[in-house]
Amino acid sequence: MRSPKDFFAPLAVGAPQPLRQIPVRPSRMIHFFDPGNEKMAAKIPSLAGKVDVLLGNLEDAVRADRKEAARAGLVSVAKATDFGRTQLWTRVNSLDSPWVLDDLSTLVTEVGDRLDVIMVPKVEGAQDIHYVDRLLAQLEARAGLTKPLLVHAILETASGVANVEEIAGASPRMQGISLGPADLAASRRMKTTRVGGGHPGYLVRTDPVGEDLAEGRTTYQQDLWHYTVARMVDACAMHGILPYYGPFGDIRDVVACEDQFRNAFLLGCVGAWSLHPVQIDIAKKVFSPAPEDVAWSRRVIAEMGDGTGAVMIDGKMQDDASVKQCRVVVELAEELAADDPELAAAYDAATKEIQS
Ligand SMILES: CC(C)(COP(=O)(O)OP(=O)(O)OC[C@H]1O[C@@H](n2cnc3c(N)ncnc32)[C@H](O)[C@@H]1OP(=O)(O)O)[C@@H](O)C(=O)NCCC(=O)NCCSC(=O)C[C@](C)(O)C(=O)O
Ligand SMILES: [Mg+2]
């Protein structure tokens, strides 16, 4: 564990200075692709500039005999593509695999200046981040990089959840954390067989109305991921890094995907993964504040003046705490709108409408 005094010192001679704040860049969707799959890789130039993050996946979903092709494919894509405003991330293989050392050394050495974030799967505790942190510093120094690579952890083991606060604060490289519901379910010995989303058996039932226990009792499906997402959000907020919902595996069910993403958004997440092109626009819609919420928030901020005291707006009490929530919405909206003229116009139109 580093002492507070040297927390921001580089971990290798010649490595770049760690950042004190996570750069503000949209990351509503982290779009996964297999760089060794020629059909998918061919789609990357047309997605660059349109999605917030493109992530070359080297871990699960890439067959063992395709690991090297995926790594080489990512080097080619990284060199050949003009990413514009889009960030390039990668998910390397897990730290207990035979591939991760070559993943990190090849990528940092050959395309470290093109990469923004390295996603590390199956993180169990701060020790995993410390290992990657030092190794990245050595590789950055060797490659002569001037910008530090950031690290994103996937929360997908029971031990990772138990240690999520120390993971979030383990290094100034920590950019964020995503929920990995499939591996996490297996690690916890949950009895689900899905990649994210709910389960019809996880429910609550209204009380019996008469003698017949089976009649007239409504059931409500519950969210299997609420505890984990909420805990991850708190850990991230405490350490000034960003929380994300992970994957939603039922590609066909765009309705439930939108619901799952929105639950995460409302709880504090800034984005989710898209596994298929059809999920890109869902994430964009859900993780951009709605124009009417932005307009309302701007109105509350304007009417609250210096932000103290209490006022009534349309029958609702507003005070120091509600104006802070409105500032969260407006700050996010303005960060996203700075990069997206269509969104900026939608926010301005809704604000004009509420004023008239
Ligand atoms: C689901 C699959 C198999 C359906 O693939 P498909 O080919 O059957 O789908 P399609 O609808 O037929 O595809 C239409 C077109 O889109 C292309 N396409 C399809 N997907 C993409 C994509 N992502 N990016 C760019 N292009 C894509 C595809 O190649 C095809 O191109 P074509 O029209 O030229 O024939 C496919 O979409 C896929 O492999 N997606 C990525 C899967 C992945 O990365 N999984 C790992 C993340 S989830 C995870 O690891 C869990 C976690 C966190 O670790 C834990 O919870 O534990
Ligand atoms: Mg996983």
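The lining of the second largest pocket comprises 10 nonpolar, two polar and five charged residues. Here Ala, Val, Leu, Ile, Met, Phe, Trp, Tyr, Cys and Pro count as nonpolar, Asp, Glu, Lys and Arg as charged, and the others, Gly among them, as polar. Before going further, I note that this is a predicted model, in which local features need pLDDT of at least 70 and side-chain atom pairs count only at pLDDT 80 or more, while totals for chains, interfaces and linings use all residues. Residues are numbered from 1 along each chain as its sequence is written, chains are lettered from A and ligands numbered from 1 in the order in which they are written, and side-chain values use heavy atoms, with hydrogens and water left out.

A pocket is, on a 1 Å grid over the protein atoms alone, an open set of points with protein on both sides within 12 Å along at least five of seven lines, and its lining residues have an atom within 4 Å of a point. The second largest pocket holds about 380 Å³ of space, a volume being the space filled by probe spheres set on the points, which are joined across faces, edges and corners. Its lining has 17 residues, and Asn57, Asp60, Ala61, Arg91 and Leu275 are the closest to its centre. Helix α7 gives the largest share of that lining, three residues. Helices (H or I, at least four residues) and strands (E, at least two) are DSSP runs, numbered from the N terminus.

Let us turn to the ligand. Which residues are the closest to ligand 1? They are Phe32, Lys43, Ala182, Leu275 and His276, among 19 that surround ligand 1, where near means a heavy atom within 4 Å. A polar side-chain atom of Arg91, also named for the pocket, lies 2.9 Å from an oxygen atom of ligand 1. A backbone N or O atom of Leu275 lies 2.7 Å from a nitrogen atom of the ligand, and a polar side-chain atom of His276 is 2.7 Å from an oxygen atom of ligand 1. A polar contact is a pair of N or O atoms within 3.5 Å. Of the 1,100 Å² of accessible area that ligand 1 has on its own, the protein covers 66%, by the Shrake-Rupley method with a 1.4 Å probe. The elements giving two or more residues to this shell are β1 (29–33), α1 (38–47) and α7 (181–188).

Finally, Phe32 forms a stacked aromatic pair with Trp273, 4.3 Å centre to centre and with 20° between the planes. Rings of Phe, Tyr and Trp (its six-membered ring) pair if their centres lie within 6.5 Å, and planes under 30 degrees apart count as stacked.

Definitions and conventions:
A polar contact is a pair of N or O atoms within 3.5 Å; within protein, one must be able to donate a hydrogen and the other to accept it, and residues adjacent in sequence count only if both atoms are side-chain atoms. On a 1 Å grid over the protein atoms alone, a cavity is a set of points where a 1.4 Å probe fits but cannot get out, and a pocket is an open set with protein on both sides within 12 Å along at least five of seven lines; lining residues have an atom within 4 Å of a point. Rings of Phe, Tyr and Trp (its six-membered ring) pair if their centres lie within 6.5 Å; planes under 30 degrees apart count as stacked, over 60 as edge-to-face and the rest as tilted.
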